[in-house]
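This report looks at salt bridges and at one helix-to-helix contact. Please keep the sequence and the 3D view at hand while reading.

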Amino acid sequence: MDLELLQVSAPGLAYICLGGFVVLFSIVSLLVKEKFYINEVVLGTGFGIIIGPHVANVFTPRTWGPLENTITLEVMRIVLATGLFAVGVELPCAYMKEHAKSLLIMVVPTMAFGWVVVAGIIQALFPELNYVSSLCIAACLTPTDPVTCAAITRGKFATKHVPVNIRQILSAESAANDGLAYPFLAISIYLTVETSVRTALGKWFLVGWLYQVILGTVLGAVLGLLFSKLMKVSHKRGFIDRESYVAQYLALAIFTMGIASTIGADDLLAAFAAGSAISWDGHFNVQTEDDLFSSVIDYVLNCGCFIYIGAWLPFDAYSSAEYGITPWKLVILMITILVLRRIPPLLALYKFVPEINSWKEALFSGHFGPMGVSAVFVSALALTRLPTPEDPPANQAQYLAAVIQPIVSFIVLGSIIVHGLSIPFFNMGRGVRSHTVSLTMTWTSRNRATVPDWVLWARRAPDVVVDEDVEHGSTRAPKDTDESAVNIPDTGPPDVLTFEDVSGDVVSVVTRRHSRAIDDSSPELVQVEAIDNHTGPGNLGNGAPDDNQIKNVRFPTVQ
């Protein structure tokens, strides 16, 4: 019997690559994410390049014929819609209402400035493009990618080093400006394909703003509020379980996206509005609290999406004399976009945004405006509205259709590398500038080799509470600390802090940093105000009395 058991096919190889990457990355994900601060965006893209047509030639999306752009568009649409819905859900209750002014200032002027400036740079580097065509390409690069932006809004590094107000405003901004990319693209397309400027502007206002943006936002908000009410009624009557709540992360996002795209509205903005509305009163958040299913779905979709992008990148189009595209032009374009697209407007407007407290936070927010899935999506959407290019192109619209994805994809690749690796390099720089760790302790115990476990983990214990005002040298107690529970005698000179006779049975640990002179290079002293202590001597595991007392603790400072 002739059995053809070995059936090598493109779908089978794609499943092997996607599943294999997720399995292998998951095995070392904690090490990679929490130690090296590298997420699936960078590694997935690199893996996609390796298995793509320019290396292993295993996964080749651009050889799928006429359906290639449609598949690319829909893959990006699903990932963006689910991601934007999740952003809306994870924001605090009624966040969009309370921070509407800040978002309006951050989104509209910043997007408009970047759109106009980037278009000017593109036209200067590629003179074959007129300014309207350059605006179309710039519209693809205007939105901030919420998936890549998660590198500095989620995870261990973000929690430790990025203020929560910055994380939340960047998440909300990345979600809002993804949907608002439609009007910027629409006016560029209308001016390119329409013969009358008046007709183009009329369609842009009626279709681009009123129908797509306004209707999409209202549609998503109505659907979110409606399903929120229905789920609360069902929950009161005992008709819905916890798993069904969590399933709404994926189901309602796809449902809203399907309705909006079917009627021609802004499906991305609709998904974000639905996520914000369904969690407006906090009921949905309470029911899905501590559930990791949505994170797993988001994780798998992101891995698959960036593997697809890595294999989709048209490396052979980055050097095309026929269209005036050269690698050095693309590199110059990427550098100027990273510098001029967001940083200048945010530095100029940050004083009007209460969530941004200083020019350093404005510079940080301006830098982290990555371009990724949203840029690929908008460029694929633009191709559906442009004519198929001939060889050579017969007019400006065909020339735009031929060069839009090579230019956009190179900027996306550069943004993934720069923004995806910014946190690891930043953390590496902090480590180089750190002082030598010095931990000096005096113990009085029978068994001096026995060191309590909590001391070894004191710097990263979750119950450590550090008040910002206390860190800067204030002598008052932290706001959230019960002063009656903290009783530390002022014994010892300022330069030697002793920690004895701390009142017992206090669970939290509160530290007070000792200020130093500018020329003092000694390790910074940390005073322990309250610890989880027993009122009397206890016993160790070997039966010996535990009379350990901390005399002096030194921790390093990071400059």
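Arg77 and Glu74 form a salt bridge, with 3.1 Å between the closest N and O atoms; a salt bridge here is a side-chain nitrogen of Lys or Arg within 4 Å of a carboxyl oxygen of Asp or Glu. The model is predicted: local features need pLDDT of at least 70 and side-chain atom pairs count only at pLDDT 80 or more, while totals for chains, interfaces and linings use all residues. Residues are numbered from 1 along each chain as its sequence is written, and side-chain values use heavy atoms, with hydrogens and water left out.

Arg77 and Glu74 sit three residues apart in helix 4 (residues 68-90), so about one helical turn separates them. Helices are DSSP runs (H or I, at least four residues), numbered from the N terminus. Arg77 is buried, at 10% relative accessible area, whereas Glu74 is partly exposed, at 32%. Buried means under 20% relative accessible area, exposed over 50%, and partly exposed in between (1.4 Å probe, protein chains only).

Arg77 also forms a salt bridge with Asp267. Arg77 belongs to helix 4 and Asp267 to helix 14 (residues 267-278), so this pair ties together parts that are 190 residues apart in sequence. Both Arg77 and Asp267 are buried.

Another pair is Lys232 with Asp281. Lys232 lies in helix 12 (residues 197-236) and Asp281 in the loop between helix 14 and helix 15 (283-287), so the parts tied together are 49 residues apart in sequence. Asp281 is partly exposed, at 41% relative accessibility. The structure holds six salt bridges, including these:

| Salt bridge | Closest N and O atoms |
|---|---|
| Arg77 and Glu74 | 3.1 Å |
| Arg77 and Asp267 | 2.2 Å |
| Lys232 and Asp281 | 2.5 Å |

Helix 4 also meets helix 20 (residues 373-384): their axes come within 9 Å and cross at roughly 140 degrees. Axes are lines fitted to C-alpha atoms, for helices over the stretch in contact, and angles run from 0 to 180 degrees between N-to-C directions. Helix 4 is therefore oblique to helix 20; angles under 35 degrees count as roughly parallel, over 145 as roughly antiparallel, 65 to 115 as roughly perpendicular and the rest as oblique. On the helix 4 side, Arg77 is one of the contact residues, and on the helix 20 side they include Phe377 and Leu381. Contact means heavy atoms within 4.5 Å.

Definitions and conventions:
Helices (H or I, at least four residues) and strands (E, at least two) are DSSP runs, numbered from the N terminus.
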